[in-house]
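Let's take a friendly walk through a protein model. Have a look at the sequence and the 3D view, and then we will go through some of the details together.

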Amino acid sequence: MATPDPDRLLYAQICGICARHASGGPLTARQEAAAVAELTAEAGGRTDLLAERAGTALGFGERQYDAGRYRRMAALCVAAGADEALIGQWVQVSRDRAATAALPPFGGP
C-alpha cells in the first residue's frame, strides 16, 4: 500500500478548515480571526499550500452559484499568509481542470 503524500494530507486539512469556516456566510471579525489562526497553525508556514487552496477556490468557485463562499475561502488563506505570487497559477490550473471536466466523453456529441 502506498504511503499518503504528507503535502496532500495537509492540503486536505487546509481545504476542510476553509470549507468549515466559509460555509455559513460572511464571518464576523471574531470568527475570521479564529479561522485565520486555525489555518495559520495548521499550515505551519506552508504558504504554498495556502496559495494553492486560495487559487483553486477562486478558479473553481468563480462560476458556482455560491461564488462568495469560494471567495471567502481564498480570503482566509490570504489572511493566513498565502504566497500571493502563486495564487494566479492555481486559479488557471483550476480553470483548466474545470474546462477539461466539462468536455463531452469521446464519441459524444
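## A helix on the inside

Helix α3, residues 47–61, is 15 residues long and spans 21 Å from its first C-alpha to its last, close to the 21 Å expected at 1.5 Å a residue. Keep in mind as you look that this is a predicted model.

How many of the residues of α3 are buried? The count is 11 of the 15, so α3 is largely enclosed by the rest of the structure. You can find these buried residues in your view: L49, L50, A51, E52, R53, A54, G55, T56, A57, G59 and G61. And what covers them? The cover includes α1, α2, α4 (67–79) and α5.

## The whole chain

Now zoom out. The protein chain contains 5 helices and 0 strands, and from the N terminus on its elements follow the order α-α-α-α-α. Along its principal axes, the C-alpha trace spans about 50 × 40 × 25 Å.

Of the 109 residues in the protein chain, 34% are buried. If you take the contacts with a separation of 6 or more, residues 24 or more positions apart account for 74% of them.

## Two helices side by side

Next, find helix α1 (residues 6–22) and helix α2 (residues 29–43). For α1 and α2, the angle is about 175 degrees and the axes are 10 Å apart. The two helices are therefore roughly antiparallel to each other, because an angle over 145 degrees counts that way.

Which residues make this contact? From α1 come L10, Q13, I14, I17, C18, R20 and H21, while α2 brings A35, E38, L39, E42 and A43. Sorted by type, the residues of this contact are 7 nonpolar, 2 polar and 3 charged.

Is T56 buried or exposed? Its relative accessible area is 7%, so T56 is buried, because buried means under 20%.

The side chain of T56 takes part in a polar contact of 2.9 Å with the side chain of Y11. A polar atom of the T56 side chain also lies 2.9 Å from the backbone oxygen of E52. Not counting residues up to four places away in sequence, T56 touches Y11, G61, W90 and S94.

## S94, reaching across from α5

That last partner deserves a visit of its own. S94 sits in helix α5, residues 84–101, and S94 is buried too, with a relative accessible area of 8%.

Where does the side chain of S94 reach? It comes to 3.0 Å from the backbone nitrogen of F60. Setting aside neighbours within four places in sequence, S94 is in contact with G55, T56, G59 and F60.

For another setting, turn to T40 in helix α2. With 38% relative accessibility, T40 counts as partly exposed, because its value falls between the 20% limit for buried and the 50% limit for exposed.

Leaving out neighbours within four places in sequence, T40 has contacts with G45 and A80.

Note on methods:
Residues are numbered from 1 along each chain as its sequence is written. This is a predicted model: local features need pLDDT of at least 70, side-chain atom pairs count only at pLDDT 80 or more; totals for chains, interfaces and linings use all residues. Side-chain values use heavy atoms; hydrogens and water are left out. Helices (H or I, at least four residues) and strands (E, at least two) are DSSP runs, numbered from the N terminus. Buried means under 20% relative accessible area, exposed over 50%, partly exposed in between (1.4 Å probe, protein chains only). A polar contact is a pair of N or O atoms within 3.5 Å; within protein, one must be able to donate a hydrogen and the other to accept it, and residues adjacent in sequence count only if both atoms are side-chain atoms. Contact means heavy atoms within 4.5 Å. Axes are lines fitted to C-alpha atoms, for helices over the stretch in contact, and angles run from 0 to 180 degrees between N-to-C directions. Angles under 35 degrees count as roughly parallel, over 145 as roughly antiparallel, 65 to 115 as roughly perpendicular and the rest as oblique. Ala, Val, Leu, Ile, Met, Phe, Trp, Tyr, Cys and Pro count as nonpolar, Asp, Glu, Lys and Arg as charged, and the others, Gly among them, as polar. The expected span of a helix is 1.5 Å times one less than its number of residues.
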